[in-house]
Amino acid sequence: MSTPQKTVWIVNHYATNAQRDGRSGRHDQLASHLAQHGWHSVVVAASTDHPSGRQTFRRFRLRERWSGPHHEFLWLRGVGYDGNGALRVLDILSFTVLLLPPGSTRRLPRPDVVVGSSVHPLAAWAAGVVARRLGVPFIYEPRDLWPESLIQYGAIAAESVVARLLRHIERRTVSMAGLVVSPLRGAGRYYAERGLPRPFLWVSNGVTPAPAHDVVDTGTSDGARRDDDRFEIAYLGSMGQANALDPVLEAFETAAGRPGGERLVLRMVGTGPARAELQRRAAGGRHADRVVFDGHVPQSRAREIGRAADCLVVNLHPIDLYRHGTSLNKFFEYLMLGKPIVVGTSVDDDVVTDAGAGIKVAGSDVEGLAAAMLTMAATPAARLAEMGGRGRAHVLRHYRYAVLAERLAEGLDAARLGRTSELGRVETSELQS
């Protein structure tokens with residue numbers, strides 16, 4: 001392999017790093033594979049872990065740099081928080097303010113391209129400002145649509161001051177970008193409908209295959225095959241408003257009280273601002289002894305629990321926002337575990353259904369979710385294994401990060417050479433086909 005000659009900075013406030021966080025996310029994975037295509041990646045992230053809000057820096061430290069074999073991270077100090085209150089807002093502002101001064105990125109290799117990734121738009125906007133100051137191309141990567149996400153989740157009013165401010169930031173950020181890259185397949189169309197047409201490249205979320213020794217189904221999260229008749233349904237991941245877990249818990253309570261439901265156990269792994277309320281509700285339910293909360297665990301442990309479950313569950317709110325695309329990391333992680341999946345979603349296309357790996361019902365349909373749980377529990381083990389196997393084969397065939405990184409590298413090269421308009425025409429035709 002030749003030594004990479006080009007450098008990209010990828011700014012993502014919430015980027016995870018396998019060495020620091022015990023789990024690896026989209027940009028950690030893409031960056032590790034971009035080296036094979038001549039790109040050295042520097043991921044710029046905050047010192048606070050999300051969604052827990054845990055501070056990873058010692059007192060008074062403002063920045064820290066980590067170098068791996070194929071890419072590196074620069075962490076800038078954030079503000080520790082718990083939930084979605086004022087401290088989280090301060091964390092967002094702290095990271096954004098620290099990113100802007102030239103001294104924060106001192107000694108980093110000069111970038112040929114800067115990528116600004118949102119969950120929150122301020123980080124992406126700041127990345128655009130940095131790219132403009134350095135005189136290099138800027139790529140905007142919206143992984144959520146602002147302010148539309150907050151409006152449709154009911155967090156803010158459509159004409160509120162916050163919504164207007166977020167629209168302004170969105171327009172400024174998109175206007176700075178020579179290319180929009182997104183895991184949301186309809187993001188290019190979304191901006192074009194709002195008078196912000198840009199060349200667009202779809203780069204889905206994906207997976208990296210685990211080592212062979214890490215994919216054995218032990219039959220239980222405790223390492224020994226279960227000898228009882230329980231049917232364990234597992235949820236793995238963040239617990240916030242967007243994760244739509246109230247209907248999952250309600251559906252479990254409904255299913256557990258019906259014939260065939262006495263076998264059901266719901267296991268919820270993860271943390272986030274909704275966890276405490278979910279635990280309170282579960283404790284007050286009729287089947288509290290069959291709802292287990294594991295809290296925050298390393299990614300390897302979460303995968304172990306998922307492989308030991310009988311099926312997995314995920315639910316999306318039935319909102320119009322998802323017509324622009326959805327690419328939850330959870331879908332891909334679940335499929336890689338080789339387990340059948342109960343999916344609550346009202347979108348037309350989802351990767352689980354494409355793979356034939358689960359049962360799909362309407363988003364947040366409590367009765368539908370409950371019926372799907374009971375159907376899974378009544379399905380022969382061989383049939384469940386067949387569904388899970390199809391899902392794993394599908395995601396490894398089409399959504400490996402090694403393949404997705406090649407696609408992103410094409411976009412980086414096009415941005416660097418000023419040829420994104422041709423790339424955008426290709427992507428638009430693909431989107432419409």
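Is L87 buried, partly exposed or exposed? L87 counts as partly exposed because its relative accessibility is 45%, on a scale where buried means under 20% relative accessible area, exposed over 50%, and partly exposed in between (1.4 Å probe, protein chains only). Keep in mind that this is a predicted model, where local features need pLDDT of at least 70, side-chain atom pairs count only at pLDDT 80 or more, and totals for chains, interfaces and linings use all residues. Residues are numbered from 1 along each chain as its sequence is written, and side-chain values use heavy atoms, with hydrogens and water left out.

**Surface patch**
- L87 sits in helix α3, residues 86-99; helices here are DSSP runs (H or I, at least four residues), as are strands (E, at least two), numbered from the N terminus.
- Together with V89, L90 and L93, L87 makes a nonpolar surface patch of about 340 Å².
- Patch members have over 30% relative accessible area and no salt bridge, with nonpolar side chains (Val, Leu, Ile, Met, Phe, Trp, Tyr) joined within 5 Å and like charges within 9 Å.

**Nonpolar cores**
- The largest nonpolar core has 95 residues, and L264 and M373 touch the most other members.
- Helix α13 (residues 366-378) supplies the largest share of this core, with eight residues.
- A core, for the record, is a set of buried Ala, Val, Leu, Ile, Met, Phe, Trp, Tyr and Cys residues joined through side-chain atoms within 4.5 Å.
- Skipping neighbours within four places in sequence, M373 has contacts that include I233, F252, L264 and V342, where contact means heavy atoms within 4.5 Å.

**Salt bridges**
- The count comes to 22 salt bridges, each one a side-chain nitrogen of Lys or Arg within 4 Å of a carboxyl oxygen of Asp or Glu.
- D112 and R416 pair up at 3.9 Å, N to O.
- D112 is in the loop between α3 and β5 (113-118) and R416 is in helix α15 (residues 401-417), so this pair ties together parts 304 residues apart in sequence.
- D112 is partly exposed at 26% relative accessible area, and R416 is partly exposed at 39%.
- D246 and R281 form another bridge, at 3.2 Å, N to O.
- E193, R194, D320 and R323 are linked in a salt-bridge network.

Notes
Accessible areas come from the Shrake-Rupley method with a 1.4 Å probe; for residues, only the protein chains shown count as cover.
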